[in-house]
Every structure is written in structure tokens, then in C-alpha cells.
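Open the model in your viewer and colour it by chain.

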Amino acid sequence: MNAKTLRALAPLVAVAVALLVPLVVSDRFILKVFTFAGINALVVVGLALLFGYAGQVSLGHAAFMGLGAYTSAFCTVELEWPWLLGFVAAGAVAAFGGLILAIPALRLKGYYLAMATLGFGLLMSLAFTEARPITGGVDGFTGIPFPSLGPLEIRSAASLYWLVWGAVGIAVLVAHNITSLRPGRAMRALHGSELGAQACGVDIVGVKVRTFVVSALMAGLAGALYAGVVGFVSPSVFTLTASITFIAMTIVGGTSSLAGPILAAVALTLVQYVDALIPGLPRETAQTIQSYQEDIYGLAIVLVVIFAPRGLAGLWKRRNAGGETP
Amino acid sequence: MSEFLQFLVAGLKNGSIYALIALGFTIVYTATGAINFAQGEFFMLGGMICVSFTELGLPLPVAAVAAIAATAAIGAAFELLAVRPIAGDNPLRIIMVTIGGAVVLRQLALHIFGPDERALAPFTEGASLKALGVAVELQTLWIWGLTALAVVLLAFVYRKTTFGRAMRATAIRRDAARLVGVNAGMMVTVAFALAAGLGALAGVAVAPLTQTAFGVGAIIGVKGFAAAILGGIGNPITAVAGGLMLGLLESFAAGYFDPVYKDGVALVVLLLVLFVAPQGLLVRAGRVKV
């Protein structure tokens, strides 16, 4: 097994290790924190494909997550569909939303997509709050059942954790297949030079649109998982701040990598729950860290873009390549 | 009829604010080819800094000018610290830096000024003017006057001064401008300072009518961008026209339908224009750099 296969398998190994966590950790709250980290990681895998491989930024992925969460909640509570069907519907609705947004926006250059997704995200925030009959308005949507697969209800902290990280594992597999096969080569070509890629016969708009739809799909599924894990959805979760958090995780994690963004997603999620993870931490210190959390995200974006544009993954690869940059 | 006129006044008032923000986007876009996602934060900073200066006891006119100058300085510092290191690079990187920078500026405002909404006293006390059944607040007249003054001054500087010519030369072609002795890097810094100053002017002028808070930057930024792209990005005149158009659309939608739609209008306009006519409605098609 050469180094290249090893590197390609690293994310899978990491997910496998992650799946063992509940056997070691018994604290339910800590397991829940890691479950949230997995939900964020699922969104970030999609964004990593979009940003790291196709060179596009989205400031609206919290909205796709919200679309998925509300769809799943509506289908399971109001329509009384089985959870799995609601889960599929959540992915479908988010992917469809992504398609509608992507086709026109991606004909244009990068900053238009960033602005279009920002506008879309703010519009959806507004819709989640105002469409009271469907979303429950500001009060949110309550009484969402636990996820279930047929007769098997998933409600213990450990099994929810496995469900979420299992989904992350599948997402990584899918993403890894996309990036290592023909679409991945097209994406990398795109990142290098759009004109060059186009000259070689790459359908650049098609590649970008498909990547965007896949990333929206993953965000939608993450939203459905969130709704099932928490049992409650409200508009305050799917805001611009959340979208920026996802982008921070993706940028810090690095381009052309899945392991980097996943690690960054876990690390930056843990910052939010620092008080639960370090038991001896004084309350004030924890609160200070939490009140500066968004500063950390913002500053991380700025510093990484200026000093390490390929992110953590880039730093790691450069170190292993003995300072040689590709 | 008077209802229509009242909506018209409200639309032109908000439209002037959007026009100033849109001008800020235009100035940075022409200088760097990138969209400055922190533009709305300069609007927020202008209002918040001005309120704080008046609370420190400065008279309002002094506080207003000082707040605009301070925000312009922050804009220049923002360029020097965050944008300069990656200047001339892929505009996407500049965009990402401004996204992160916007978060940092907003959070700084939160830590310094606190989470509460702040209000500013009107520039001149007095009853609203009434004519043809329409009431016009004095502050609205201030907003119109200051916007007009800013646009005229900007046009004068850009067209008639050596400095303005250097700015335009840099916008057209950076390396060629450098060949004839223009300090192109300096021009980008000045562009950010100008854009920040215009944003701050809008923030200060509107603060007496709508309270301000640390979090108002994002939505006003998006609206300003919607205005800029509605007219056709990169052109100051269409930016102003786009701002006024957006303000009117919003005002009539909120007035004749439901106030709930007010924020939605700008967002829908933004998406529609991006999708249908990304070169803008007011410029000829085919000139767009896609």
C-alpha cells in the first residue's frame, strides 16, 4: 500500500476511529457534543467538495440544512411519514433548492455565487420565521420524533452518535469517489484554470452545478439528522452565523482534502462546548471563550486565507513533502 | 395620491442609503475586481461610533464627522492588514478575507459597544414638513442632502482632480497605471477608506430614524449590493440609480402589500437580477466581464 492510497484512506480510518468513541466515552452530554460535531462535519464534507475541489464559496448552507430539518420535521410530524422517508425527502428538497439556485448562479463567476447564496440564506431565514403554518415561526417546530429505521427507534445517545457518524462515513465515501474519479479530476482542473479545463472539454458549469447540488443534499441530510437528534427546530439555528461557521470550518480545514475540513469541523464544534469537555474549567473562562467564539471563526478565516490558503491540509501536505509546494 | 407620495418619500429616503452603500461596493469593485463583504459593517460602525462619541459629550456635528473619519481610517487599516497581503491575487481570496473581516468587525463592535440597540438624536429638531398631504421628516432632508453632496463631491474628485484620474486609471488597468507613476497599492487603500467613509455617512445619517446595533451590517450590505448590481456593478451613476430603485420597490411593496415583505423584496431582487440580468438593468448587455 503506497503513501497515496494511505492518504486517500485516512478519512475513512478517521471515521472508523470516530465510530469507536461511544465504547470509550459514557458521558451522555459529551456524546451529544460529538454527535453535533458529526452533523457539522456532514455539512462541511459537502462544502469541502464545493470549496476545496470546485473553488466555490457558499454563504447559505445553513439554509439548506434548515430546509432539510424543516422538511424532515414536517414529513414525520404533520404527514406522519416513517422517519427514513422524511430523511430522503429532506435530502431531495435541499438538493432541489440547490439546483434551482445553482443553475443560474453558477453560469457566473465566484463572487456572484457567494452573494447569491448569502441572499438565499437570508431569504430562507426570513421564510423560516414567517411561514408559521409550516415552520411554527419564531417558536419553532416541536415534538419531532427520534430517528427510526423501520421498527427500530434510535434514541440512546450512543446510537444517535453512530447514526450521525455513519452518515458522515457514507458521505466521505461518496465524496472520495467523486474526487478520485473523473468528476474529481474535472473539479481539480477547474480549480487550476477554468479556461484550461474548458479547453480540455470539461463541462465547467455542469461540474459546478452537480457539486453544489451534492453539497446542498449533504447539508439537507445533516438538517434532518439535527431535527431527529434534538427533537426541536427553530429559525435561530439556521442563520448567516451558522453558514459562516461552516465556511470557517471548511477554509481552516483546507482545500483538496476531506480529512482536514472534518477535523476542523470537530475542533471548532468542540470550542462551543468547551465547558463540558474540560471539567475543571472555571465558568468565567468558558463563558469568555464562548463569547469570543465568532471572533475565532472570523479571525481564523482571515488568517488562514492570508497565511495558509490551502488550510491545515495544505500545511500538513507541505510538511510531508519537505517544503515543496505543488 | 398622498399615500403614493408618502411611499415615494420613504422609498427615496431608504434608496439614498442603499445608494451610498452601493457606491462603496462600486469603488472597491473597480479598484480590486472583488466584492467587499465587509461593506455593511462600515455602515454599522459609522452609526455606532457616532452614538458613542455623542455619549462621550461631543456635539453631534463633530461626532458625526469624527465617526465618518474614524470609519474611513478603519477601512484603510482593514485594507492594509487583510487585503494588501493578497493584493492582485484571485478576487475569490479577497472576498473570503472580507467575509472573515466582516465577522471580526461585527464582533469587535459587539465587545466594545455592547449588544443593545442605540439611537441618535436627529440632526435638527423640529416638526416634519407637510405638503400635498405628505409628511417629510427633517432627517430625511438631511439624508437626501448629504447623499447628493457625497455623490457630487465624488464625481468632482473622480473627474476633475489628478487624484481622481489616478484612481480611475488604476481601476481601468493596474499595471499600466503603475507605469505612468500611479501608486496603485495606495489607490486601493484609498478606495477602501472612501467606501468605508460612504458607508459610515449612510450609517450616521439614518441612525436617528432607525436605531442601530452591532448586527445591522449584514442585511444592509446585501441590500447595498443588490442596489449596485441592479444598476450594473462598477458604474457609480447606475449604482446610485439602483439604490433609489431598490428603495422605491421596497417601499411600495411594504406599503401596498405587507411590511413583512420589505426585507424579502431586496433579497428577491438580488436573486432575480443575478439570474436574469447579471450585467444590471441600466447598462447595455454584452459589456459584462463574466
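Select chain B and follow its sequence: the pattern is α-α-α-α-β-β-α-α-α-α-α-α-α. That is 11 helices and two strands. Helices (H or I, at least four residues) and strands (E, at least two) are DSSP runs, numbered from the N terminus. This is a predicted model: local features need pLDDT of at least 70, side-chain atom pairs count only at pLDDT 80 or more, and totals for chains, interfaces and linings use all residues. Residues are numbered from 1 along each chain as its sequence is written, while chains are lettered from A and ligands numbered from 1 in the order in which they are written.

Stay on chain B and zoom out. The radius of gyration, taken over C-alpha atoms, is 19 Å, close to the 19 Å from the globule rule (2.2 Å times the number of residues to the power 0.38) for 290 residues, so chain B is as compact as a globular protein of that length. Its C-alpha trace spans about 60 × 45 × 35 Å along the principal axes. Of the 290 residues, 51% count as buried (20 or more other C-beta atoms, placed from the backbone, within 10 Å of the residue's own).

Now show both chains. In chain B, 31 residues are in contact with 33 residues of chain A (C-beta atoms, placed from the backbone, within 7 Å). On the chain B side, α4 (91-113), α9 (217-231) and α11 (261-276) each give two or more residues. α4(B) gives the most, with 12 residues.

Last, select α15 (residues 293-307) of chain A. Buried here are, among others, A:Tyr297, A:Gly298 and A:Ile301.

Methods. Two residues are in contact if their C-beta atoms, placed from the backbone, lie within 7 Å. A residue is buried if 20 or more other C-beta atoms lie within 10 Å of its own, exposed if 12 or fewer, and partly exposed in between; C-beta atoms are placed from the backbone.
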